[in-house]
Amino acid sequence: MSLGNANLLELADLMAHPQVYDRKTVVVIGLVKDVQLVIDQKGEPTFKFLLADSEGALKVTSRIQVQNGDQVIVEGTFTRRRQ
């Protein structure tokens with residue numbers, strides 16, 4: 001299995017150092033929770049969910065359908081949000 005140019009990260013590393021990974025491609029693994037189907041501005045289905053592991057959770061937006069309880073590997077651009 002090829003993961004592109006990114007290495008698999010622990011969610012804890014990502015959450016502890018979000019500034020390091022901001023706007024960079026990351027690969028993380030976890031369980032899907034709280035899936036919401038949203039129709040975007042183009043009328044396309046988009047899935048928003050939490051990707052969780054024992055250390056925490058990360059918000060993910062995907063065009064690929066997922067279900068609660070799925071274990072998935074997510075590769076994408078990480079965007080740090082200040083809240």
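Trainee: What percentage of the 83 residues in the protein is made up of buried residues?

Mentor: This is a predicted model, and in it buried residues make up 28% of the 83 residues.

Trainee: Why is Thr46 called buried?

Mentor: A residue is called buried when its relative accessible area is under 20%. Thr46 has 8% relative accessibility, and therefore it counts as buried. Its place is in strand E3, which covers residues 45-53.

Trainee: Which residues does Thr46 touch, leaving aside those up to four places away in sequence?

Mentor: Thr46 touches Gln36, Leu37, Val38, Asp40, Thr61, Ser62 and Arg63.

Trainee: What makes the pair Thr46 and Arg63 a polar contact?

Mentor: The cut-off for a pair of N or O atoms is 3.5 Å, and one atom must be able to donate a hydrogen and the other to accept it. The side chains of Thr46 and Arg63 are joined at 2.9 Å, so the pair is called a polar contact.

Trainee: Is Ser62 buried or exposed, and how do you know?

Mentor: The relative accessible area of Ser62 is 16%. Buried means under 20%, so Ser62 is buried. Ser62 lies in strand E4, residues 56-62. Apart from residues up to four places away in sequence, Ser62 touches Thr46, Phe47 and Phe49.

Trainee: Which backbone atom lies 2.9 Å from a polar atom of the side chain of Ser62?

Mentor: That atom is the backbone nitrogen of Ile64.

Trainee: Why is Arg23 called exposed?

Mentor: Exposed means over 50% relative accessible area. Arg23 has 68%, and therefore it is exposed. Arg23 lies in the loop between helix H2 (18-21) and strand E2 (25-39). Its phi is positive, about 65°, although Arg23 is not a glycine.

Trainee: Is Asp34 buried or exposed, and what makes it so?

Mentor: Asp34 has 54% relative accessibility. The cut-off for exposed is over 50%, so Asp34 counts as exposed. Asp34 lies in strand E2, and its phi is near 55°, a positive value in a residue other than glycine.

Trainee: What does Asp34 touch, not counting residues up to four places away in sequence?

Mentor: Asp34 touches Lys48, Phe49, Leu50 and Asn68.

Trainee: How do you know that the radius of gyration of the protein agrees with that of a compact globule?

Mentor: For 83 residues, a compact globule would have a radius of gyration near 12 Å. The protein has 13 Å, which agrees with that value. The C-alpha trace spans about 35 × 30 × 25 Å along its principal axes.

Trainee: How many helices and strands are there, and in what order do the elements run?

Mentor: The protein has two helices and five strands. From the N terminus on, the order is β-α-α-β-β-β-β.

Trainee: What share of contacts between residues at least 6 apart joins residues at least 24 apart in sequence?

Mentor: That share is 46%.

Key
Residues numbered from 1 in each chain as written. Predicted model: local features only at pLDDT ≥ 70, side-chain atom pairs only at ≥ 80, totals over all residues. Heavy atoms only, no water. Helix = DSSP H or I, 4+ residues; strand = E, 2+ residues; numbered from the N terminus. Rg over C-alpha atoms; globule rule 2.2 N^0.38 Å. Buried < 20%, exposed > 50% of the residue type's maximum accessible area, 1.4 Å probe, protein only. Contact = heavy atoms within 4.5 Å.
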